[in-house]
Amino acid sequence: MPRHPHYIPHGVIPAVLLPFNDDLAIDEKSFRSHLRDVAAIKGLSAVTINAHSTEVASCSFDEQRRVLDVTQDEIGDRLPIVNGVWADGSIEAARIARMAADGGASALLVFPPAPFTLGQSSEMALAHFKRIADASDLPIIAFQYPLATGQGYPRDTLLKMVEQVPSIRAIKDWAGNVPQHEMHIRTLQNLPRPVNVLTTHSAWLFSSLVLGCNGLLSGSGSVIADLQAELFRAVAANDLAAARRLNDRIYPLARVFYAEPWADMHNRMKEALVLLGRLPRAVVRPPLVKLGRAEIERIRAALGESGLLEAKASRDAA
């Protein structure tokens with residue numbers, strides 16, 4: 001039973017990072033500290049775990065269950081928990097969904113199966129989501145990838161999904177295409193049973209939110225959840241001047257976090273938290289590798305440009 005049983009995915013949802021020790025085991029102490037840091041931010045509606053940001057592809061089923069247990073223990077009484085469902089097969093996806101429901105998660109973030117890169121049909125997508133929905137009563141966030149990847153759901157498929165699987169209550173929109181993104185917002189959020197669009201276009205978050213998203217779900221929230229929450233509030237209040245000022249602070253970090261290769265985005269966020277004194281080390285599991293000194297210096301410069309390192313120095317001196 002979820003601790004927050006009536007949660008519908010909306011608003012500002014950071015996806016947290018998963019620290020590791022030098023031997024690549026989960027650094028549970030640092031993870032707990034990171035969870036507390038993020039959960040202390042005002043204006044959040046939930047946190048996401050077992051997703052890209054926690055390097056879920058490199059975590060076993062038992063490790064994912066432990067990540068959920070630790071998150072529940074540390075912040076479950078304060079915020080709903082969105083648990084990722086990362087699996088190439090629908091049977092394993094359903095197993096993860098059951099684990100998440102049993103562990104008290106409040107929603108599921110369902111990643112598209114990798115075989116869809118070879119081609120998909122609406123019947124395949126429906127079979128995948130129906131099996132997950134049969135395994136759990138939790139609301140589902142469908143992760144919408146760019147159509148060019150083969151893992152994104154075309155408009156007609158998406159509409160069939162939300163019609164035939166009522167537990168789909170939101171999409172995490174990574175369409176990467178402004179007209180398609182706007183179509184999702186206008187279409188899904190105005191259905192008789194609305195489906196919220198949570199943007200994950202964190203490289204152009206300001207532009208995306210202005211289109212009218214009902215929320216955002218972002219790995220960079222592991223570092224700047226406070227700025228994201230302020231930006232979301234400013235856009236919702238139609239305070240464009242305040243939103244522009246906040247975007248000016250977010251932009252330098254978006255530029256360094258979302259540089260190519262994208263696979264390193266959360267690697268870079270770990271390095272940012274080390275520079276800010278919030279993590280002791282920035283260890284990633286292979287195939288990811290440690291960033292070079294030049295890139296870490298670019299992250300340091302972006303933190304300074306955004307005002308975050310300056311703010312940290314002032315706190316340290318106090």
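These are legends for a set of close-up views of a predicted model. Residue numbers start from 1 along each chain as its sequence is written, and side-chain values use heavy atoms, with hydrogens and water left out. Because this is a prediction, local features need pLDDT of at least 70 and side-chain atom pairs count only at pLDDT 80 or more, while totals for chains, interfaces and linings use all residues.

**View 1. Helix H1 against helix H2.** H1 covers residues 28-39, and its axis sits 10 Å from that of H2 at an angle of about 50°. Helices here are DSSP runs of H or I with at least four residues, strands are runs of E with at least two, and both are numbered from the N terminus. Axes are lines fitted to C-alpha atoms (for helices, over the stretch in contact), with angles running from 0 to 180 degrees between N-to-C directions. H1 and H2 are therefore oblique to each other; angles under 35 degrees count as roughly parallel, over 145 as roughly antiparallel, 65 to 115 as roughly perpendicular, and the rest as oblique. The crossing of H1 and H2 is right-handed, a label used when the near helix is turned clockwise from the far one by less than a right angle, with anticlockwise giving left-handed. On the H1 side, Glu28, Phe31, Arg32, Leu35, Arg36 and Ala39 do the touching, and their H2 partners are Arg66, Val67, Val70, Thr71, Asp73, Glu74 and Ile75; contact means heavy atoms within 4.5 Å. Sorted by class, that contact holds six nonpolar, one polar and six charged residues. Nonpolar here is Ala, Val, Leu, Ile, Met, Phe, Trp, Tyr, Cys and Pro, charged is Asp, Glu, Lys and Arg, and polar is the others, Gly among them.

**View 2. Helix H5 beside helix H6.** H5 (residues 155-164) and H6 (residues 178-188) have axes 12 Å apart and pack at about 30°. That angle is why H5 and H6 come out as roughly parallel to each other. Their crossing is right-handed. H5 brings Arg155, Leu158 and Leu159 to the contact, and H6 brings Met183, His184, Thr187 and Leu188.

**View 3. Helix H8 crossing helix H9.** The axes of H8 (residues 221-236) and H9 (residues 240-257) come within 9 Å and cross at roughly 145°, and the crossing is left-handed. Among the H8 residues in contact are Val223, Ile224, Leu227 and Leu231, while the H9 side includes Leu246, Ile250, Leu253 and Phe257. In total this contact has 12 nonpolar, one polar and two charged residues.

View 4. On a 1 Å grid over the protein atoms alone, a cavity is a set of points where a 1.4 Å probe fits but cannot get out. Grid points are joined across faces, edges and corners, and a volume is the space filled by probe spheres set on the points. The largest cavity holds about 30 Å³. Ser202, Leu205, Ser220, Ile224, Gln228, Ile250, Leu253, Ala254, Phe257 and Tyr258 line the space, with H8 and H9 as the elements giving two or more residues. H9 has the largest share of the lining, four residues. Seven lining residues are nonpolar, three are polar and none is charged.

**View 5. The largest pocket.** A pocket is an open set of grid points with protein on both sides within 12 Å along at least five of seven lines, and lining residues have an atom within 4 Å of a point. This pocket has a volume of about 730 Å³. Its lining runs to 33 residues, with His52, Trp262, Ala263, Met265 and His266 nearest the centre. Strand S8 (215-218) and helix H10 (265-275) each supply at least two of the lining residues. By class the lining splits into 20 nonpolar, 10 polar and three charged.

View 6. Most residues other than glycine have a negative phi, and most peptide bonds are trans. The Glu260 to Pro261 bond is cis, with omega near -5°, and Pro261 is in the loop between H9 and H10. From Pro286 to Pro287 the bond is also cis, with omega near 20°; Pro287 lies in the loop between H10 and helix H11 (293-306). Asn50 has a positive phi, near 55°, and is found in the loop between strand S2 (47-49) and helix H2 (61-75).
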